[in-house]
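Dear colleague,

Please find below the structure I am handing over to you, together with its sequence. My findings follow directly after it.

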Amino acid sequence: MKSAVIISLVVFGVSLFGEDHLERPNMVFMFADDLGFADLGCYGHPYARTPHLDGLANEGTRFTRCYVTGVTCNPSRTGLMTGLFPARFENYSADFGFGDRVAVTEILSQAGYRTGHFGKWHIGPVSEHGTYGIDQVEIIGKSKGKNAGRDDDVYSAAIEFIRANQEGPFYVNVWGHSTHFPVATAPILENEFADVSVDRSDFSATMQPKFDECLEIGGDLDVSMRQYLGDVYSIDQNVGRLLKVLEELGLVENTIVIFSSDHGPAPVTTSKGAREFSQNMLGYAGPFRGGKHTQYEGGTRVPFIIRWPGEVEAGRVDDTSVISLIDWMPTLASIAGVTGLPSDLDGEDVSDIWRGVPRPREMPLFWKASSSASAPAMISGSWKFHGVVRKRHSIALYNLDADPAEQDNVAADNPEIVSELSSLLESWVSALPTEYYKSPETR
């Protein structure tokens, strides 16, 4: 692992904005669980009803090339909180936390932000005296009132925090549970989609195997789709509640609101086979191959909507800029006027890209599970490269501009590109731990 930065020794310099930014903005980060790239209306789902999230996109910018830091729940959260690719941590952070690495919430807290976290956690032990600089941590499971969806209690707690800290500045994580397995939606939510009848031709070729698997395990496509859409609809309704409170409190103009997902949609069945409600796991990755657990685009590319009035253009869709949640710490630090970050972060400040500056990202993106036997992958520019480990995996190269579904392996036609990316990937892997450790209870 890269040299650690001891939290107690880090001194953060804080500078305020110039005359045009007399107040540092509040920050609200809504994170869905296992939501697919194309599960929202504004991202192309043929049946989804997500008026509040679609409205948020119309009031801000919607990115279509945003990437997560990991393809399962803990790695994705670890990467965005620390600005380090999760494979750098030899100790499983869900068990041991971030060690001596600083988290984005800590730097914001030291910059004068009130910080809160509500909902899913999955990033290590919680201290009695504040964890990762978070003033208020409430790990909340699925809501008690099922008719409002699984995340009703999560959003209610976050709204209370916003009301209590409306003088600002504040930062809040709102990390829900929908659409993680199991999707078992209440009838009142499912009935919102009683008119939905699945026409398989409305979906991409990459979705068809999911439909086949749903039918093979005894599912009904119409019922399963209504179940899944009802779960997504409940997310949207809760987002609408939170946005309404920001408006009531007069906080819209000085609050950055971001919505995203931790990785791609879960499969219908897993290594455990079919379970109760497996047939309802019909998350949609759009044209992309793969989903949760895979390093294909369907697993790594997620929706990313940002609203920041006066700074981020309204109604804009960015189809070209490559951004990642690995950029979370340096970007928010830049916006908050924080200096003195760790020098070895894997992300970069993309606040200019959020604001509409057209530029390529400076740093490649990497993925690898925390296992010595797992195969790595990377993105550099338009190229997606899947590497090898001990000859167990064949290399694959895809031009994402021409082939976003990663169907045509062009490695044989581009030996120079393969050589260049292989060198970069091997260099990155060589700096990773050779062994990884989990607690005995997790193994």
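In this predicted model, D152, Y155, S156, I159, I162 and R163 of helix α5 are in contact with N238, V239, R241, L242, V245, L246 and E248 of helix α8. By class, this contact comprises 7 nonpolar, 2 polar and 4 charged residues. Helix α5 covers residues 152-164 and helix α8 residues 221-248; their axes lie 10 Å apart, at an angle of about 10°. Since angles under 35 degrees count as roughly parallel, α5 and α8 are therefore roughly parallel to each other.

The largest nonpolar core has 59 residues, and M30 and F259 touch the most other members. At least two residues of this core come from each of β2 (26-32), α1 (51-59), α5, β6 (170-175), α7 (208-216), α8 and β7 (255-261). Helix α8 provides the largest share, 12 residues. Not counting residues up to four places away in sequence, M30 touches L56, Y155, V174, V239, L242, V257, I258, F259 and S260. Another core, of 44 residues, lies apart from the largest one and has I258, V312, M329 and A333 among its members.

I would also draw your attention to I256, which belongs to strand β7. Is I256 buried or exposed? Its relative accessible area is 1%, and because buried means under 20%, I256 is buried. Beyond its neighbours within four places in sequence, I256 is in contact with P25, N26, M27, V28, I306, R307, W308 and I335. Of these, P25 is 231 residues from I256 in sequence, while the C-alpha atoms of P25 and I256 are 6.5 Å apart in space.

With kind regards

Methods. Residues are numbered from 1 along each chain as its sequence is written. This is a predicted model: local features need pLDDT of at least 70, side-chain atom pairs count only at pLDDT 80 or more; totals for chains, interfaces and linings use all residues. Side-chain values use heavy atoms; hydrogens and water are left out. Axes are lines fitted to C-alpha atoms, for helices over the stretch in contact, and angles run from 0 to 180 degrees between N-to-C directions. Helices (H or I, at least four residues) and strands (E, at least two) are DSSP runs, numbered from the N terminus. Angles under 35 degrees count as roughly parallel, over 145 as roughly antiparallel, 65 to 115 as roughly perpendicular and the rest as oblique. Contact means heavy atoms within 4.5 Å. Ala, Val, Leu, Ile, Met, Phe, Trp, Tyr, Cys and Pro count as nonpolar, Asp, Glu, Lys and Arg as charged, and the others, Gly among them, as polar. A nonpolar core is a set of buried Ala, Val, Leu, Ile, Met, Phe, Trp, Tyr and Cys residues joined through side-chain atoms within 4.5 Å. Buried means under 20% relative accessible area, exposed over 50%, partly exposed in between (1.4 Å probe, protein chains only).
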